[in-house]
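Thanks, everyone. Let's get the model up on the screen and walk through it.

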Amino acid sequence: MADTPEAIKKSVRTYMFVGAILFVGTIVTVLVATVPWLDFGRHGFDAADCILGLTIATFKASLVAFIFMHLNHERKAVYWLFGSGLCMVCSLAGLTALALGDPIIDKFFYSGH
Amino acid sequence: MEIPYVVTPRKDTGLFNSKIAIWLFLASEVMLFGGFLSAYVFLRLGADYPWPERTLPVLPGLINTFVLIGSSITVVFAWASLKLRDWRKFQLFMGITVGCAMIFMVLKGIEYNAKLHHQALKLKDYSVVEGHLGVESEDGKPVLNHKGSTIEENLIFVEASKLTFDTVRFYKPWVEELLAQAEHHHSKVALAADVTAITKVGQSAEIIAKAGEPLSVELLNRLQAVHLAARSHNAANRTEALRAEWVTAKAANPGKKDWQIASGVNIDTAALAPTLLGEISTVPFSVDPPAKLDFHPRDIKAAEGQSRLRDDTVIDGKLLASPMVFHNIDAIDFQHLVMKAKEKGIDPEVAIENSWLMKNSAFVREAWAWHQGEVKKLSAELLKAHGVGKDGKPRYTPTHKELYRIGWKDLAKKAEDDGRTKLSGVDAAKEEFFGPNYKARGDETFPGLSVPREQVGFASKFTPAWNTYYAIYFAITGLHGLHVIGGALVLAYYLFFGKKMYLSDPEWLANRVEIGGLFWHFVDLVWIFVFPILYLM
């Protein structure tokens, strides 16, 4: 993390650059979701749109976490703390996935109509 | 006393205290929001109704995303300004950050307000209508209720001649409401007959309340007290009698198990009767002359002749026509109807043709015919752009939503095709933000619709009650909104009360702002996921 005045001044430019990427990323996400010729995969919302949207969101979130929240320069203790939280989230998502193994499924909803 | 490690880091962790604390907190926050987002996925995949894809207006969500990203940049600039010992710049950037938080909450409030005033109705055949309800009117003027406010046309009316209250379950505010309504109609609500009960063992029944005594909460409370005292006394007597029966039965059947003699253990009700007091479980009141009372649909189980409220109050009287009247409808949705038709093996087109809306609304028929034309155009465009697959079928076809939902934008386009008002510039932008503009586009674009009560399946504003999508939408965005408010308060505290600390120990304040900023970035980070998931997917 920048601590000297010179390093902080240098970081400010990085923050502006990252901010610009976040704005652009948001616009791209909206365009992909709303403009027909940018629609990936099947016509309308589908798995491809979901993956693309979440990938852009994850990229943006990573920029916020690593640059704005200074995770790229943090101590090990922080990685352990935040990492354990993320692991817990993945476990929760895993539980949701397990629920999809329920044999009683309405095929209509999983066939994409 | 000097607090250790507020500026210098601890040797073991390499971090100052509050940084460890905020990261611990953020880790728990990750789990909290992760849990909610998992719940969202679970609800979406398990929904037994067509999930409302891309149903929220994108523009407010997009602006809010920009606002939060902007505030994330300014908060880190505020921190950098403190590190560079520039108080003025800190004030500027932190002021912008707090301002962004306020803009975010205002926009969120506008969005919520639109949802909470937008009506949805699912008919018995699962077709859905959306729009805005009207208010009761006579000769063009709104009818006012006993409170002096307008009456939304989604009430159930009963010409009540008798009200029978459950003395235990009656709900005091409703009693007062019924009384006020009866008074408004110049009707008197009074005891239909003397209420008598035995209040002391061995004595004859006495009059607790006389016929003609006006309805009041106090009277019901008095009757409730007599009833509960009698019920308690009677229950004790019955228990005592049963115990005595058991003692006798056990003495007569030595060595036998309880279950072997249980069927023979019965209370002698005839012998017990003289020891019991009079219970008053219900009490009838006459309404003279019969008054037109109104009820919210959720509170009443309406039926011809006799209706029942949720607190078990029975209302005798004629059920009056109580249609649900939309002054403007802005969406017609057959998605759920089609889903149900497919489940039953019925052709969706046949199901739509047989729906109440198609049979009873010329506008819906007209809109549906226009919509079919639009779907054909879209299908042709998709075929032209993407061709056919190996199976000879078009590679891309219109979505379920495009096939079976006519949204407000479709209705607006239909009106424009018919040569009616076309909005542009600010009006068009406002419509994107606030939803359909009934005034500018007129009733021909968004006409009214009256739905008889017997056709109403389920009606609600766009609140958590409407479906699980709105439940999780309000849960996630509401929780996120609370985080925005909390974060903004902390940052505002640094902005308005941080000068003293800045003058005494600027590094300490910089560390504090870093901690507040970390929380603020996290709030932004959550929104980065919430926006595409709730607004775009």
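Start at B:A78. Which residues does B:A78 contact, once neighbours within four places in sequence are left aside? They are B:F90, B:F93, B:M94, B:T97 and B:V513. Keep in mind that this is a predicted model.

Now zoom out. B:A78 is among the residues with the most contacts inside the largest nonpolar core. Helix α18 of chain B, residues 506–536, supplies the largest share, 18 residues. Two domains of chain B each put in at least three residues: domain 1, 17–118 + 462–536, and domain 3, 329–455.

There is also a second, separate core, with 29 residues. Look for B:F165, B:V195, B:I300 and B:A302 among its members.

Next, chain A. It has 113 residues, and 18% of them count as buried. What is its secondary structure? Chain A has 4 helices and 0 strands. Along the sequence the pattern reads α-α-α-α. Take the contacts in chain A between residues at least 6 apart in sequence: 50% join residues at least 24 apart.

Last, where the chains meet. Here 50 residues of chain B are in contact with 45 residues of chain A. On the chain B side, the elements giving two or more residues are α1 (17–45), α2 (58–83), α8 (335–343), α12 (400–404) and α18. Which one gives the most? That is α1(B), with 14 residues. By type, the chain B side divides into 31 nonpolar, 12 polar and 7 charged residues.

Technical notes:
Residues are numbered from 1 along each chain as its sequence is written. Chains are lettered from A and ligands numbered from 1 in the order in which they are written. This is a predicted model: local features need pLDDT of at least 70, side-chain atom pairs count only at pLDDT 80 or more; totals for chains, interfaces and linings use all residues. A nonpolar core is a set of buried Ala, Val, Leu, Ile, Met, Phe, Trp, Tyr and Cys residues joined through C-beta atoms within 7 Å. A residue is buried if 20 or more other C-beta atoms lie within 10 Å of its own, exposed if 12 or fewer, and partly exposed in between; C-beta atoms are placed from the backbone. Domain bounds come from an automatic or database domain assignment. Two residues are in contact if their C-beta atoms, placed from the backbone, lie within 7 Å. Ala, Val, Leu, Ile, Met, Phe, Trp, Tyr, Cys and Pro count as nonpolar, Asp, Glu, Lys and Arg as charged, and the others, Gly among them, as polar.
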